[in-house]
Amino acid sequence: MHYILDAIDFVLQPWSYFLFSVIAFWAMIKYREKWTEPAFAVKLLWGAIGAIVFSMVYSVHFREIASLPDNVPIFLMVFSVGFFTWLSFRQGVLNDRRIAQGQPPIEKETSDKKVYVWPDLVYIEFIATVVAGVVLLIWSLCLHAPLEQAATPAWTPNPSKAPWYFLGLQEMLVYYDPWLAGVVFPTLIIVGLMAIPYIDKNPKGAGYYTFNERKLAIIPFLFGFFILWVTLIFLGTFMRGPGWNFFGPYENWDLHKVVVLNNVNLSEYIWVRILGIGLPSNFLLREIWGFLAVGFYLIGLPPLLTKKIPLLQELLEKMGVVRYGILIFLFLSMAALPIKMVLRWLINLKYIVAIPEIFFNI
Amino acid sequence: MADFKDERAYDSKTLTKVFLWSSLVLLICIIWMIWKDYNRPWKNYQRQFMQLQRSMAVDQKTEAISDIDFVKYKQLRLDLAQANNDLKSHEDEIDKLNDQAAKLDNQIFKAKTVNYQPLKAQIDADKYSYAEANKDGKDTTKLNTKIQSEIDQAGAYTQQLFDLQQQRDQVTKDLADINSKRDDVNANINKMLADYHLLKAKIDKNSFGFVFYVRNAMLLDFLSPTIQIQQVVLKNLPEDLYFAKTMRVDRCMTCHQAIDKKGFENAPEPFRTHPHLDLYVGPTSQHPMDKVGCTICHGGMGQAIDFTTCAHVPNDEEQAKLWKEKYGWEAPEGVQSTMLPLKYTEGSCLKCHGTQEFINNAPKLDRGRELMVTRGCVGCHKVKNLEGLTKAGPSLIRVKGKLKEEFVEKWVWDPKSYNAAARMPSFFQQTNNSDDEALAKTKAELHSIVQYLYEHSANYAPNENAPAGSIANGKKVFKEIGCLACHGIDDVTSHHADFAPDLSAIGSKLSAAFVYTWIKNPRHFNPDTRMPVLRLTNQEAADVTAYLMSKKNKTFDEMSAPQADPAVRDDLIQTYLKPLYGIDGAKTQLAQMDDKAREQYLGQKSLSKYGCFGCHMIQGFETAQGIGTELSDWGTKQVGQLDFGTTDLEHTHEAFVNAKLENPRQFDKDKSVAFQDRLKMPNFRLNPEDKEAIVTAVLGLTKTYVPDDMIAGIHGNGPLLEKGRRVIANFNCRGCHLIEDQGGRIREMYEKENIDLSLAPPNLRKEGSKIQVEWFHDFLLNVHPIRPWLHIHMPSFHWSDEDISNVITYFNLKDDQVYPFTTIVTGQLSANELTQTKAMFAKLQCQKCHIFGTAVPADLSTAAPDLLQVHSRLKPDWVVQWLMNPEALMPGARMPSFWPQPDDKSPVPHYFHGDSEKQREALRDYLFMLGKAN
């Protein structure tokens, strides 16, 4: 059995994990008709449970990590995200079929009915509060709050992990400087989420589930949520060990693991390896290529893309310049993470712009 | 309304049911939460301890009742009844007196609180106004008059109060007089039942009554619980959280309830009394709980009150298993301080006693520290307070004249093949250098090391050849004369000293001439040696030489030295040269060296690599620093900083240091490490006890803040005492003598072989108050026998003036002698007194045992020192004390106690009117007079 575990450990690397996630994401979109069938979905559920049970039974290490009180929410997250994704896709698929046949969505049938706020709404909300209270109490009584040792600057925990819901952010820190990964990106995520209702004026899909009518909205959002958030939390929980080194899910977390981390800045690639003339001493000159690249990505690329892709042109016409500009900026910001990840894996790129002199790195 | 009901989305009955049940579950959960918060293991321990105390008190009460003399008790009860009866006739009188008393009490109250106190307050206020008015320049005549009249009035009140009080006292006295008989009987009864009443109170206190349950009930126990957390707060001994210090709070006694109470020595844990209450925890001990606490010595998390979180650490696997079953124990994780396993607790003494040479009450730690010096740990590892000491191994400055090259190679290659008890550790043929390649390389290194040593050795030749001697007599002399105090030898199994080399195979090592010269005068070979002269006759020395030369290791003699391959040597030299000169440069450099230069080069590099100079004096390495990690605060080093490699050891300090001493090279296991970078610490082949002692000493090396006033040995006479103790340790005085009631290790042989202990070297207890300084000084410079009947010799050390001064100062200060330490005050005996003393001297038969100048007692085996030397050797006060009670000064003294203690009845009542003290002083004066006259 340990051959299988070792093989999984061997296959799973940050890049392959990302690749598998993207493939699974693509399959989820592509084969939505198939996997939203309840019978198939139940198989998927059993598959997931089976994988976890298998891991718990055959890997002492996985069992130890998975049974930490900190990590219980991860399982709740995995299954609840799975369930609600299935629910929305299922409804969307059914509605899309009805719409294709010229019928109104399912929600139409019930949306004309009205219920009373009191007692129907308030009562069940109150009951829900009580039940939630019970669940939280039992949880906290059965599992001790995972307190760590007294904080000492000289002896920090290793690995030092963020709360589970921030592990996606922490994973970004591997690829981006803290000011970007810890300040700019989180801000953009919040601002971007808040901006959605103002950017997206499309009335389709309001009040009912659909996929076909909102492909452009759903796919990028789910990509950001699944690939750049949920799967990274999973990765941060089970595959980031001491020294923030990457470990296979069944690999023992050895404090002394040594891995190759030879990352190279863009400026070094161009000045030293391509041009062969050495790094200029002026850091603005040294990083000129990085600035150019970033400038092109944020300023040059949007018009170019708009010109080349008819779909975007259509969007521009529908939304107007300001809305469209903000959308493209947000989209490119989101895309910056996977782009940087791929660059890191392919050419060991450390920073596009690297000015440690003033703590400015991109 | 019917319509309304139909339009409801949910059935209200169902909703109500769901609400009811979910609310009930919530209620249960809340109760569960409160119970879980309330139900703590430490509370159960306190309840159990109450039960334990109660059951013990019940037993004691039964015993106390059986101790009561009931006949007497009945009589007392009768007496009491009688007394009460008698009092009946005085009833009127008593009533009258009681009335009077009540009346007087009332008057006193009035005089005090109604009259005097308000007036006093008024006076104080007026005085203030007076001062203020004066300051403002107002007229104060009127105010002054008022104050004066008030003071007069207050005086009158005081007088009245005084009179009333006197009257009241008289009434009390009258009442007491009348009741005196009854009160006396009552007092007697109470005295008789005192124990019983105390125990009864104790039983009540430890019973679970209604009040107990209410005070400790769930949710009510915040008011005034009897079961509560107990703690000591130690402001002087803060806990160091790296960049901040917090007060140390120890709550151990919350469960260890009886730790400071006598009488629970055999109680089950956690209710056992501290095993050394006289020394620790007890309020009168040197380490009282409220000053020292618990965790400063034991380690662990003092604030925690749960078995696992307070970081208990078991002694061994067995205890760990037991704890897991009994307490659900888990290995502590993520705590700043784990407890020291109990067997290593002595290590903590170093926190305050680190500057002291030895601690006495921590024998394991003392042994560990001694071993760290004598086995050479501190030669490589810097350890605070163990610096600048004599090197552990012999000097190699003249090795050429002492040992054969072949011997050195064989010896270093495998010391234990020469002598399993040898102290020299094994560097070679260890687990990380035993593959073929490493063997070849180590052989080359060893050969070059020896070449270097012989090239850098001064010449030496013994100045005398050993005459023929008797092995049998040599063996006898060797055993009896005191060599065994420092040296071990396999012929003697009853005692094995390891202060100096084991001599079991010395014949295979040295030449007879060397041994003979060395025994007679060790400083001929090494002027700095600590080896003393035993003042042997030439024949004795020859006998001992013959004996020692007969101690050979045949197997070792027949072994051949490891053969070094010059090609491997050259390879090694190149690995050293490459970083400096590059590959080609290294070749050129090597080519420029001839064979000898190559040997010298690699020898010097290898000596540096293995740190041989840590223990041996080697020419060219006089100032080299030890190559090991500094250990001064190793005990507080983070476990994560220790490289356990691929071993499956537990990640704890004690596991690491144990493993390191067991097999220092095991942490290279499975690793790919270049030959010259592999672990170098040698294997010391320690026995389990010595290993445990060293582990104790190393774990005790911590960085802990202790305020200066709590550090031992640095206040008052401390530093002077430590100087003397340093000499005592350096020259192994305690190998023979009991000093501070510790040491005298050679006595082990006397005990095991049933030799009379009075033939062992003397106990030096009270030496400072006993011996005169001048005599002491002369004796240490020029040792001569005091007790000629002893076979064992006090050796002649070659001590510096400083050493002698330090030792004498030490002994005197230890016994509270006052500078300049000697006062010869003796009395003058009148003619009459002299006659009486002489008679007394004869009567007590002093000369039966004591030598008296040339008069030697018939039986030397029971003899005692020369009385004619008393005047120059002993301090007068000591002589008197000695005569009074020899046993008190020297347990096991052979001198009889003529004046038995404590009644001090004189054995010779006819002299000095039977005044014991006078008699002893007279004897003392007589001895001093005699000595001076001679």
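A crossing of two helices is called left-handed if the near helix is turned anticlockwise from the far one by less than a right angle, and right-handed if clockwise. The exercises below use a predicted model.

**Exercise 1.** Describe the make-up and extent of chain A.

*Solution.* Begin with the secondary structure, where chain A has 16 helices and two strands. Next take the C-alpha trace of chain A, which spans about 75 × 55 × 40 Å along its principal axes. Then turn to burial: chain A has 362 residues, of which 17% count as buried. Finally, among the contacts in chain A with a separation of 6 or more, 65% join residues 24 or more positions apart.

**Exercise 2.** Work out how helix H2 and helix H11 of chain A are placed against each other.

*Solution.* First find the two helices, H2(A) at residues 14–30 and H11(A) at residues 215–238, whose axes come within 11 Å and cross at roughly 140°. Because of this angle, H2(A) is oblique to H11(A). The crossing of the two helices is right-handed. Now list the residues that make the contact: H2(A) brings A:Tyr17, A:Ser21, A:Val22, A:Phe25 and A:Ile29, while H11(A) brings A:Ile219, A:Phe223, A:Phe226, A:Ile227, A:Thr231 and A:Leu235. Sorted by class, this contact of H2(A) with H11(A) has nine nonpolar and two polar residues, and no charged residues.

**Exercise 3.** State how many residues each chain gives to the contact between chain A and chain B, and sort the chain B side by class.

*Solution.* Count by chain to begin with, which gives 21 residues from chain A and 23 residues from chain B. The side of chain B that touches chain A then divides into 14 nonpolar, seven polar and two charged residues.

Technical notes
Residues numbered from 1 in each chain as written. Chains lettered and ligands numbered in written order. Predicted model: local features only at pLDDT ≥ 70, side-chain atom pairs only at ≥ 80, totals over all residues. Helix = DSSP H or I, 4+ residues; strand = E, 2+ residues; numbered from the N terminus. Buried ≥ 20, exposed ≤ 12 C-beta atoms within 10 Å, placed from the backbone. Contact = placed C-beta atoms within 7 Å. Nonpolar A, V, L, I, M, F, W, Y, C, P; charged D, E, K, R; others polar. Axes fitted to C-alpha atoms, helices over the stretch in contact; angles between N-to-C directions. Parallel < 35°, antiparallel > 145°, perpendicular 65-115°, else oblique.
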